[in-house]
Amino acid sequence: MKFRRKPKEEVSVNLTPLIDVVFLLLIFFMVSTTFTNESHLQISLPEAHGEASETQAESLEVLIGVDGGYTVNGQSLLNSQPDTLRRAIIDQAGDNRKLPFIISADAKTPHQSVVTVMDVAGKLGFAALSITTQQPAGQ
């Protein structure tokens with residue numbers, strides 16, 4: 001007896017459902033993604049309530065005046081360029097990057113001056129940055 005074998009069907013993968021699922025996922029992520037919201041933040045800077053910390057005998061203190069001029073450990077700098085500040089800090093600190101770095105700025109100092117000092121200190125490798133504040137009036 002001869003049995004007829006069924007002809008082999010060609011094996012193929014139907015990609016249509018896969019493509020549908022990929023498109024649905026793409027649409028889901030596009031709809032659920034939040035895009036950049038342009039907004040203006042209203043901030044009020046905090047007042048510092050706390051106790052004065054003990055100052056260590058050896059530290060690096062940068063004073064920033066109202067005009068944005070710098071003084072490093074009591075020595076005034078000729079200009080307020082970041083490179084001049086960097087050289088003055090290196091002269092005072094030497095190779096010791098573990099010194100406490102204290103930034104004392106006048107309340108009317110431009111914010112850019114404070115950011116410049118923090119940027120120079122960060123690039124030089126100082127990690128212990130602190131900013132001096134005072135108690136609010138009437139307390």
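Among contacts in the chain between residues at least 6 apart in sequence, 67% join residues at least 24 apart; contact means heavy atoms within 4.5 Å. This is a predicted model: local features need pLDDT of at least 70, side-chain atom pairs count only at pLDDT 80 or more, and totals for chains, interfaces and linings use all residues. Residues are numbered from 1 along each chain as its sequence is written, and side-chain values use heavy atoms, with hydrogens and water left out.

**Overall layout**

- The chain has 3 helices and 5 strands. Helices (H or I, at least four residues) and strands (E, at least two) are DSSP runs, numbered from the N terminus.
- Read from the N terminus, the elements follow the pattern α-β-β-β-α-β-α-β.
- Of the 139 residues in the chain, 21% are buried. Buried means under 20% relative accessible area, exposed over 50%, and partly exposed in between (1.4 Å probe, protein chains only).
- The chain has an accessible surface of about 12100 Å². Carbon and sulfur atoms hold 56% of that surface. The areas come from the Shrake-Rupley method with a 1.4 Å probe; for residues, only the protein chains shown count as cover.

**The sheet**

- Strands of a sheet pair through backbone hydrogen bonds, either parallel or antiparallel.
- Here, 5 strands form an open sheet in the order 3-2-1-4-5, with mixed pairing. Two strands pair if DSSP finds at least two bridges between them.
- Strand 3 and strand 5 (129-131) are the edge strands, and each pairs on one side only.
- Strand 1 and strand 4 run parallel, joined by 5 bridges. Val-62 stands opposite Ile-103 in strand 4. Ile-64 has Ala-105 of strand 4 as its bridge partner.
- Strand 4 also runs parallel to strand 5, with 3 bridges between them. There, Ile-102 has Ser-130 of strand 5 as its bridge partner.
- Strand 4 is mostly covered, with 4 of its 5 residues buried.
- Helix 3 lies across strand 1, strand 2, strand 4 and strand 5. Helix 3 runs at about 170° to strand 4. Axes are lines fitted to C-alpha atoms, for helices over the stretch in contact, and angles run from 0 to 180 degrees between N-to-C directions.

**The core**

- The largest nonpolar core has 19 residues. Those with the most contacts inside it are Val-62, Leu-85, Ile-89, Phe-101, Val-117 and Phe-126.
- At least two core residues come from each of strand 1 (60-64), strand 2 (70-72), helix 2 (82-93), strand 4 (101-105) and helix 3 (111-124). Helix 3 gives the most, with 5 residues.
- A nonpolar core is a set of buried Ala, Val, Leu, Ile, Met, Phe, Trp, Tyr and Cys residues joined through side-chain atoms within 4.5 Å.

**Aromatic pairs**

- The whole structure holds 2 aromatic pairs. Rings of Phe, Tyr and Trp (its six-membered ring) pair if their centres lie within 6.5 Å; planes under 30 degrees apart count as stacked, over 60 as edge-to-face and the rest as tilted.
- Phe-28 and Phe-29 have ring centres 5.4 Å apart and planes at 65°, so this pair is edge-to-face. Phe-28 is exposed, at 51% relative accessibility.
- Phe-101 and Phe-126 form a tilted pair, 5.2 Å centre to centre with 50° between the planes. Phe-101 lies in strand 4 and Phe-126 in the loop between helix 3 and strand 5, so the pair ties together parts 25 residues apart in sequence.
- Both Phe-101 and Phe-126 are buried.

**A loop residue**

- Asn-73 has a positive phi of about 50°, although it is not a glycine.
- Asn-73 sits in the loop between strand 2 and strand 3 (75-76). Asn-73 is partly exposed, at 33% relative accessibility.
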